[in-house]
Amino acid sequence: MNANGTGAAEMRGAFYRDLKPLHLSPLWESLATLVPHTPNGPCVPALWRWDDVRPFIERAGELITAEEAVRRVLILENPALPGQSSVTQSLYAGLQLILPGEVAPAHRHVQSALRFIVHGKGAYTAVDGERTTMHPGDFIITPSWTWHDHGNDGIDGQAEPVVWLDGLDIPMVRFFDAGFEERNAAKSQQVSRREGNALARYGHNLLPVDYRPSSPTSPIFSYPYERSREVLDRLWRDGEVDDWHGVKLRYVNPATGGWPMPTLATFLQFLPRGFSGKPYRSTDGAVYSVVEGRGRVVVDGVSFAFGPKDHFVVPSWKTHVLHADEDAVLFSFSDRPVQVALDILREEKLPG
């Protein structure tokens with residue numbers, strides 16, 4: 001108590017109120033939140049079941065065209081981040097639909113994007129003058145500030161709706177206030193190279209003799225699932241199964257051996273039937289797309305059963321365990337390249 005009988009709490013309250021007009025605030029009131037003892041972000045684990053989501057994707061196709069929408073996407077929004085168009089605080093994820101005969105018009109943007117094909121085949125993505133036909137399980141890159149459009153011509157005269165997972169670094173770019181976008185006057189860009197050209201030039205442990213990387217993004221923009229799946233199977237048969245991850249591989253930039261994208265890491269893993277992993281956690285929260293098989297993931301004691309074409313998110317520093325009821329293949333992406341570059345990545349393989 002001071003001479004006027006005013007309590008310390010009242011004096012502090014008055015002090016804080018007097019700070020506000022000057023746009024000042026006391027660090028000691030928020031230090032524990034700003035510099036926590038361990039990561040305690042707001043994101044929660046969540047699962048989006050294909051059987052639940054598919055009817056709404058189909059309804060979206062009835063309500064709006066790809067051209068009207070520019071990109072017809074249903075965002076996978078973390079339940080703890082309503083209205084923020086984010087699946088974690090650094091990552092965006094959504095499911096995009098393109099119907100037979102449609103074109104999603106050409107544009108480019110600063111945000112880097114990945115496409116992981118979930119359902120259907122015969123659509124294409126064109127990136128800087130080269131098309132690649134989409135097949136389930138393919139991983140496709142749209143580098144930052146490259147012209148790209150999507151279309152659905154079908155294969156061999158057969159066309160079907162195609163859905164893929166979009167993964168972007170939108171929240172990161174938004175954090176830096178560095179987002180730019182530009183639209184092309186033409187709906188589709190002119191194709192200047194035959195399909196498969198980039199894979200032929202850069203995807204066979206060979207590089208053009210005068211090649212010099214001009215971008216941190218992989219020169220390969222399409223990684224076919226057929227080839228990646230074959231590698232997983234071979235390593236499993238050779239007994240290379242990790243107790244925490246099963247057989248887990250990361251996609252790479254063949255020109256550098258580094259990440260295929262500067263802000264997004266991508267992985268593919270195989271869990272053999274009966275696999276029951278040990279607990280694992282890391283600071284890079286990850287989004288998963290189930291390619292094959294059934295199983296469950298237990299995140300901080302909460303169990304989510306998953307099946308083909310389901311998606312789930314494991315937030316930063318949440319302990320999780322993977323189980324496989326059948327042979328299962330999971331694709332995932334995270335912000336690991338950024339955390340590695342900032343030297344803040346931390347991970348733990350915990351005993352079972």
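Colleague: Which helix gives the most to the lining of the second largest pocket?

Modeller: In this predicted model, helix 7 does so, with four residues. Helix 7 spans 225-237, and helix 6 (197-202) and strand 13 (247-250) also supply at least two residues each to that lining. The second largest pocket has a volume of about 530 Å³. Its lining consists of 20 residues, of which Y223, R227, S228, Y251 and V252 are the closest to its centre.

Colleague: What makes a residue count as part of that lining?

Modeller: A lining residue has an atom within 4 Å of a point of the pocket. The 20 residues that line the second largest pocket are therefore those that meet this cut-off. They divide into 14 nonpolar, four polar and two charged.

Colleague: What is the volume of the largest pocket, and which residues lie closest to its centre?

Modeller: The volume is about 940 Å³. Of the 26 lining residues, Q89, S90, D335, Q339 and I344 are the closest to the centre. Helix 5 (170-175) and helix 8 (336-341) each supply at least two residues of this lining, and the largest share, four residues, comes from helix 5. By type, the lining has twelve nonpolar, eleven polar and three charged residues.

Colleague: Why is T142 called buried?

Modeller: The term applies to a relative accessible area under 20%. T142 has a relative accessible area of 0%, and therefore it is buried. T142 lies in strand 8, residues 139-142. Not counting residues up to four places away in sequence, T142 touches S112, A113, R115, V127 and H148.

Colleague: What makes the pairing of T142 and R115 a polar contact?

Modeller: The limit for such a pair of N or O atoms is 3.5 Å. The side chains of T142 and R115 are joined at 3.2 Å, so the distance meets that limit.

Colleague: Which residues have the most contacts inside the largest nonpolar core?

Modeller: They are L95, F139, L165, F331 and F333, in a core of 49 residues. Leaving aside neighbours within four places in sequence, L95 is in contact with several residues, including V53, I57, L74, V118, W164 and L165. Apart from this core lies another, of 16 residues, among them V299, F304, F312 and V314.

Colleague: Why might one expect nonpolar side chains to be grouped in this way?

Modeller: In soluble globular proteins, nonpolar side chains tend to be buried together.

Methods: Residues numbered from 1 in each chain as written. Predicted model: local features only at pLDDT ≥ 70, side-chain atom pairs only at ≥ 80, totals over all residues. Heavy atoms only, no water. 1 Å grid on protein atoms, 1.4 Å probe; cavity = no way out; pocket = protein on both sides within 12 Å on 5 of 7 lines; lining within 4 Å. Points joined across faces, edges and corners; volume = space filled by probe spheres on them. Nonpolar A, V, L, I, M, F, W, Y, C, P; charged D, E, K, R; others polar. Core = buried A, V, L, I, M, F, W, Y, C linked by side-chain atoms within 4.5 Å. Buried < 20%, exposed > 50% of the residue type's maximum accessible area, 1.4 Å probe, protein only. Contact = heavy atoms within 4.5 Å. Polar contact = N/O pair within 3.5 Å; in protein donor to acceptor, adjacent residues only side chain to side chain.
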